[in-house]
Amino acid sequence: MMLGKWLAIELLLLVGMFYNVLGAFVGVNIGTDVSNLPEASSLVAIVKANQITHVRLYDADAHMLNALSNTGIEVVVGVTNDEVLGIGQSPSTAATWINKNVVAYVPSTNITAVAVGSEVLTSIPHAAPVLVPAMNNLHKALVASNLNFQIKVSAPQSLDIIPRPFPPSTATFNSTWNSTIYQMLQFLKNTNSYFMLNAYPYYGYTNGEGIFPIDYALFRPLPSVKQIVDPNTLFHYESMLDAMVDATYYSVEALNFTVIPIVVTETGWPWLGGANEPDATVENAKTFNGNLIRRVLNNSGPPSQPDIPINSYIYELLNEDKRPGPVSERNWGVLLNNGTPVYPLAWSTSLQASGNSSTVFCVAKGDADSDDLERGLNWACGQIQVNCTPIQEGQPCYSPNTYQNHASYAFNDYYQKMHSSGGTCDFSGTATITNVDPSYGSCIFTGSTNSSINGGTTPSTSALGPSSLFSRSPALQVPGPGIIVPAMFLILISL
């Protein structure tokens, strides 16, 4: 793929979402099980253009490591599961691996960690006895190269090693792995490293058989009667991810270790699934990843460790369309394989160094009914002042082809042009005012400033918007979305 095509995506709303603020960060996993994988230089160009500061690789690909040189991007390189056994059995093999895949690239490539395997305990349990020896051998090789303070060694594990993660305060690791996990925690403590956790609220919700509300999995506020509370600590959990991370902290504590920081090395939400995967939708994926970014960048931790941010890596940059399994397995990427954004990801201007908090936009609510959005969309596009051409097929704002996306564009165009004449942002309760810029790629939303509205104060959404005008026939029919799919996620207790 040509570099220029990738750079054309540079306004994809990954920009700033992966912005490192106050020590907290959200990075991205880059998998390579992709048909027609772009060249490494193209992948790094898109990472740089979107100001992504942290990436995780599943191997130590020479092309990627060279392309990442002199970028300042923090890189986690991966020992593949196939390599764990040999490295665990032979210090010389570990030394060769470090010399070839780390020493050869630093300091120009900013490698900061080595991830040993991928969920070794649950994916290749026969290798468990050599996991910690492999970590030790790699660390000793780093010591020999005087890189042990710059580069940490850890091993990503699935949340599945904790059989009962709720309530978090009583969570413990699967006793089958106690010896290995104890040795691993001792290694992490001795080397000042951190615990790598793969945690997916998507699976917590979809495998929960309705126990937990989807809003909990998607970081959405819960009504007071459905608050998720640990009955032992009385900690309130506002998201499933917070509870998953806390369950891991408590599991570590149960083995008598003081706080070892946790980094979420994988989390995300698939945007497309098969007939039996109704929760893998564009809207759910957009909501989860957007809210994850806002959650992480508030720089706070879970209830038990409020001062340790939940640094996270979104899974993943590209759809790995060659992966086996259900449809959802091939549709986690925030980009399609041709470099097109799957959905716009918005960032909070309050968390962006160059953000302008005075800019406001009128967008569709994330939980609005699709039928209501369709009526509002048709009404807005029927107004002579509103330009809906950009959301027509082949135009810059057509993709993603959803009512949510198209309505947001039309609502905002109406509001920006009409609010000075009394136009509002309500659309029968389906729209809301936000400071978050919904622009993405070449699709640019017009913005306004609070200073021109209501004497300089942020307008109240309850006072905004055409509230009962959906019966008017539009002059322009906007094609409905080609993809719309349901909801998702994880852990609860009702008060």
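User: What is the handedness of the disulfide of C362 and C425?

Analyst: In this predicted model, the torsion about the S-S bond of C362 and C425 is about 90°, so the disulfide is right-handed. The S to S distance in this link is 2.1 Å.

User: Where in the chain do C362 and C425 sit?

Analyst: C362 belongs to strand 12, while C425 lies in the loop between helix 14 (403-418) and strand 13 (431-434). The two cysteines are 63 residues apart, and the pair links distant parts of the chain.

User: Is C362 buried or exposed? And C425, buried or exposed?

Analyst: C362 has a relative accessible area of 0%, so it is buried. C425 also counts as buried, because its relative accessibility is 0% and the cut-off for burial is under 20%.

User: How many disulfides does the structure hold?

Analyst: There are two disulfides. Besides the link of C362 to C425, a disulfide is formed by C381 and C388, with their sulfur atoms 2.0 Å apart. The link of C381 and C388 is left-handed, with -90° about the S-S bond. Both of these cysteines, C381 and C388, are buried.

User: Changing topic: how many aromatic pairs are there?

Analyst: A search of the whole structure gives 19 aromatic pairs. One of them is Y200 with Y203: the ring centres are 5.7 Å apart and the planes stand at 70°, so the pair is edge-to-face. That label follows because planes over 60 degrees apart count as edge-to-face.

User: Which ring does Y200 pair with at 90°?

Analyst: That ring belongs to Y315. The centres of Y200 and Y315 are 6.2 Å apart and their planes are at 90°, so this pair is edge-to-face. Y200 lies in the loop between strand 7 (195-198) and helix 9 (201-206), and Y315 in the loop between strand 11 (312-314) and strand 12 (359-364), so the pair ties together parts that are 115 residues apart in sequence.

User: How accessible are Y200, Y203 and Y315?

Analyst: Y200 is at 12% relative accessibility and counts as buried. Y315 is buried as well, with a relative accessible area of 6%. Y203, at 30%, counts as partly exposed.

User: Which residues form the aromatic cluster with Y200?

Analyst: One aromatic cluster is formed by Y200, Y202, Y203, F219, W269, F288, Y315 and W332.

User: Now the nonpolar core. Which residues touch the most other members?

Analyst: V102 and V114 do, within the largest nonpolar core, which has 111 residues. Leaving aside neighbours within four places in sequence, V102 is in contact with V77, W97, I111, V114, L142, L147 and I151. There is also a second, separate core of 29 residues, which includes V360, Y403, I433 and C443.

User: Is T112 buried or exposed?

Analyst: T112 counts as buried, because its relative accessibility is 18% and burial means under 20%.

Note on methods:
Residues numbered from 1 in each chain as written. Predicted model: local features only at pLDDT ≥ 70, side-chain atom pairs only at ≥ 80, totals over all residues. Heavy atoms only, no water. Phe/Tyr/Trp six-rings, centres within 6.5 Å; stacked < 30°, edge-to-face > 60°. Buried < 20%, exposed > 50% of the residue type's maximum accessible area, 1.4 Å probe, protein only. Helix = DSSP H or I, 4+ residues; strand = E, 2+ residues; numbered from the N terminus. Core = buried A, V, L, I, M, F, W, Y, C linked by side-chain atoms within 4.5 Å. Contact = heavy atoms within 4.5 Å. Disulfide = S-S within 2.5 Å.
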